[in-house]
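These notebook entries record what I looked up, going from the whole chain to a single residue.

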Amino acid sequence: INAFISFGGSSVLTRGHHPHGEFWPFSFREVGIKETWRLTNDALSISQTKADNEKHTHILNTLEEKNATGDQMACVQSNSATDAEVLTTALLAGPENMQNKIVAAFDIKKHRIYNIMP
Amino acid sequence: MAITGSMATLAASPWVSAFAAAPQNGEGPNDRVRIAIIGTGSRGKQLMRLLFEIKADANIEIPALCDVYNPHLAEAVDMCIEQDIKVNSYSNYEDLLDKEKPDGVIIATPLHQHAHIAIDCMKSGIHVFCEKSMARTLEDTKAMYDAHQSTGQILQIGHQRLFNPVYLEGMQRIHDGKLGQLGQLRAFWHRNNDWRRPVPDDRPDLEEFINWRLYKEYSAGLLTELMSHQLQVANWALQKTPVSVTGTGSIVFWKDGREVNDNVALIYSYEDGTQFIYDSMTSNKKYGLEEQIMGHKGTIEFEVNRYYSETPPPAPGILQLLNDIESGFFKDAHIGGASWVPETAVTYQGEPIVKDTDFYDSALQLEGFVNYIRKGKAPEKLIREGYNASIWTLLGEKAIESGEKLELPEKFRI
């Protein structure tokens, strides 16, 4: 079967492919991000440090008791929806120099961190 | 001033389709409908202004005015003079009926005067448009209805929402099942003022005469003057009348010698268990007025011309993906982004029920009245709506006074 399930565009599950192509061509609402992610039997999660109208980030590094900084968006593609959901938050919460190490501990297909331009 | 709304709406509302399609008002004086006004206070003068606007198209003539209070009568006569309309003025309505023999009258007197004036008019062979509520007592309401039945004269009560395209279209959707099963209706009317009209300094004895809305002998206050409109809407939506009413009321803010409550809350129950929950108060205006019709598939807020689906449409990105799939396109789906569900829910604004709202329902109901006079009769549904709203409004007053849950006494069933 071919299926595309989206919770508001930030948690996505796909099976199969777009009826008229070989994959689901997932792209972003954000105009500045011009990539297309190819999804087949994948889960994908997106997190952002803060919402459009928020002044402060809502993502917290609880180990060091400090907020995530900057205005960034993390996107993770994986077979596992749980991994994708957890990692998008972890990549934004943790320090930048730990991102590769975090990702290496999981079996995921693709990840990106984007800086959101104001 | 034209009736707007879809043709389906017009066809489904017999009292509108009767004249919306092809009004035949004629042009000559022989086709002219002569309408006199009895009661030229604030509402009477407002109805006169509307008559002035429709006068030419509807081919009507205003031969006479009547009011027992000379300052109001003089103002109304001046308004006619400004419009180059010659009117005869009377302080006694019986003289007006006798000398002018109008085709129809508009009665906009205080509530307690509606019944005997309307009955006398109908017995004299004159059609009646009477402001709401119908009458001050249950007995008078029934007597007016009986006079309409026995004389065959038109009796139209001023519930203008029956002619409002927003309500006509909305009711069509409700009756077609687009809102699903109605679970609850709610309405309210909140204002922040004392409702008083100025009494001349040298005539303190006119207090009850001018501020009749505040005294029980003449009015049931918020119930007859405001709630009756919204109760009519509830009955119209459900296509039934209630089986019982319970309520409570008090004077909490305006302790100025008035007798009517400034704060009321009532529940009208219908046969299938649906409730119409009502409240009105006059010391806060934040919430204004509204009728909220809640079905399991959708909601209507009539006063703001709004319809809400219980399943709001999907986001634009998903809609585009669906369109692409249906059209055979393989294109990027611009869906991804962090989403904030509470905001999404809050930003669903619903959609308007009727897009073109350039009309005025109080004028449309008068156009209707004139047209029915030409035909010699009005759809029975209209007087039934007025009667039921009046009877159940007054039962609501009795429920508040007695503290009991009341049902309809058989003698008032029609």
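Predicted model: local features only at pLDDT ≥ 70, side-chain atom pairs only at ≥ 80, totals over all residues.

Entry on overall form. I looked up the extent of the chain next. Along the principal axes, the C-alpha atoms of chain B fill a box of roughly 80 × 55 × 45 Å. The radius of gyration of chain B is 24 Å, which agrees with the value near 22 Å that a compact globule of 414 residues would have.

Entry on the fold. I counted 14 helices and 16 strands in chain B. Of the contacts in chain B with a separation of 6 or more, 73% join residues 24 or more positions apart. I also recorded that 52% of the 414 residues are buried.

Entry on charge. Chain B carries 41 positive and 57 negative charges.

Entry on one residue. I then turned to B:Leu226, which I located in helix H10, spanning residues 222–238 of chain B. Is B:Leu226 buried or exposed? I classed B:Leu226 as buried because its relative accessible area is 4%, and buried means under 20%. Leaving aside residues up to four places away in sequence, I found that B:Leu226 touches B:Trp189, B:Arg191, B:Gly221, B:Tyr278 and B:Ser280. Finally, I checked B:Leu226 against B:Asn371: the two are 145 residues apart in sequence, and their C-alpha atoms are 27 Å apart in space.

Definitions and conventions: Residues numbered from 1 in each chain as written. Chains lettered and ligands numbered in written order. Heavy atoms only, no water. Helix = DSSP H or I, 4+ residues; strand = E, 2+ residues; numbered from the N terminus. Rg over C-alpha atoms; globule rule 2.2 N^0.38 Å. Buried < 20%, exposed > 50% of the residue type's maximum accessible area, 1.4 Å probe, protein only. Contact = heavy atoms within 4.5 Å. Lys, Arg positive; Asp, Glu negative; His and termini not counted. Charge placed at Lys NZ, Arg CZ, Asp CG, Glu CD.
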